[in-house]
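Please work through each task with the structure open before reading the solution.

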Amino acid sequence: FFFSSRRRHTRYGTVTGVQTCALPIFADGLGHGPATTPCGSGLNPLEFSLYFFNNCFVTMTPFWLIWLSPYRSPSPEVGLFNFSRTVSSHRHGPANSRSRLPSKGRRPQIETPQVLLWLLMLVSALMAGGATRIWNLAQATYASLPDAKLALTYQRDGTLTMVSADGVVLQKIGPGAHETTAYKNIPPRLIEAFIAAEDQRFYQHQGVDAHGIGRAVWANLRQRDVVEGASTITQQLARIVYLNQDRNFQRKAKEMLMAYKLEKNLNKNQIMERYLNLVYLGSGAYGVADAAWVYFGKTMNQLTVAEMAMIAGMAPAPSRYSPVVNPQAAEGQRNRVIRQMLTTQAITAPEAEAAIATPIQIQPKQPKFLYSQFTYFTIYVQNQLEQVLSPEQLAAGGLTVEITLNVNWQRKADKTV
């Protein structure tokens with residue numbers, strides 16, 4: 001940290017007048033009094049670091065300027081600035097001055113380190129400009145994103161729900177959840193299974209998990225294949241509600257920005273509830289309540305640890321990990337999720353061993369409300385809707401139709417007749 005005050009000869013010229021010690025200057029500048037060591041300067045570590053590097057920058061600036069100059073003199077007898085190149089010297093005479101001028105027709109030589117430094121400065125400037133442009137583009141894209149509250153009421157295109165006069169669901173048509181549920185009714189272990197399988201830092205990140213991205217990149221590089229994704233549960237919800245399944249950089253950037261917006265406007269429970277009611281899990285099952293019924297003929301509260309792990313494991317690729325389509329792949333994926341649940345301490349070691357040892361047992365069923373008990377009436381209603389609504393409105397979906405049929409009265413009438 002000390003610099004000599006004596007006259008020093010360097011390859012770039014002669015330097016004099018450099019401060020003996022930088023640290024007393026720091027202390028005096030802040031009014032803490034002189035000191036000779038960092039411990040006695042009265043500065044905290046942050047102030048000391050900032051002022052130390054600032055003083056080094058100011059002190060070394062002349063050296064950098066000389067080093068960058070193509071006209072610097074390698075002779076140790078020339079001072080910090082060589083004025084003999086522009087003003088004739090009275091001591092040495094005109095002849096001596098002319099002898100120091102570059103030869104006619106000879107260009108000054110520029111060393112390789114200078115070229116590299118200028119290239120580095122150019123690349124840094126280009127990177128800074130690119131980063132500014134990306135930041136402005138991200139801000140403009142974020143401002144144009146749709147309202148995050150729409151995720152709370154989202155319905156897939158082409159969905160239609162028919163409800164009787166006494167509040168009974170008669171039929172659900174289209175690619176939507178046939179049975180939805182509130183967050184408080186979802187078993188905690190089922191939530192933990194999805195967190196272990198899809199997003200272990202769900203409660204820590206703000207929509208995008210940088211740690212998860214790094215982990216996924218490293219895992220894929222080691223395996224030389226795409227074996228692990230980095231999309232958080234919030235990103236998956238953003239993709240389901242607002243975007244599509246296209247694989248390109250523009251869609252991925254919008255997905256990340258929309259995930260950040262969802263985190264800003266919704267709490268974690270709302271995000272998890274909407275995700276578990278909308279995620280497609282194969283065999284016409286949308287959401288965990290549908291999956292519990294379609295694959296096992298159970299309600300969510302009746303599921304075992306092994307069954308919860310299997311449902312959670314189908315989220316990345318339902319067609320690949322469905323126990324109906326590929327039992328072996330489904331079992332391997334289930335066991336992986338069970339081990340991840342053990343890692344996140346969602347289950348104990350004995351529970352994990354018992355779940356892995358459990359054979360796959362499924363009882364496939366049709367999704368609830370897929371078919372109506374009163375077919376003649378619901379078909380009549382669909383025909384009437386085609387006359388009342390446009391094809392675009394029907395295709396948009398999200399429709400709930402309340403009809404005049406009373407289930408209790410209709411059953412009594414059927415019995416009487």
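**Exercise 1: an aromatic pair**

Task: classify the exposure of Y203, then that of F202, and describe the geometry of their rings.

Solution. Y203 has 42% relative accessibility and is therefore partly exposed, a class lying between buried (under 20% relative accessible area) and exposed (over 50%), with a 1.4 Å probe and protein chains only. F202, by contrast, is at 0% and so counts as buried. The ring centres of F202 and Y203 are 4.9 Å apart with planes at 75°, so the pair is edge-to-face; rings of Phe, Tyr and Trp (its six-membered ring) pair when their centres lie within 6.5 Å, with planes under 30 degrees apart called stacked, over 60 edge-to-face and the rest tilted.

This is a predicted model, in which local features need pLDDT of at least 70 and side-chain atom pairs count only at pLDDT 80 or more, while totals for chains, interfaces and linings use all residues. Residues are numbered from 1 along each chain as its sequence is written, and side-chain values use heavy atoms, leaving out hydrogens and water.

**Exercise 2: charges over a ring**

Task: which residues place a charge over W293?

Solution. K365 lies over the face of W293, 5.6 Å from the ring centre, and the charged end of K368 sits over the ring of W293 at 4.7 Å from its centre. The criterion is NZ of Lys or CZ of Arg within 6 Å of the ring centre and within 35 degrees of the ring normal.

**Exercise 3: contacts of L262**

Task: what does L262 touch beyond its neighbours within four places in sequence?

Solution. With contact taken as heavy atoms within 4.5 Å, L262 meets A148, A151, T234, L237, A238, Y242 and I271, those neighbours being set aside.
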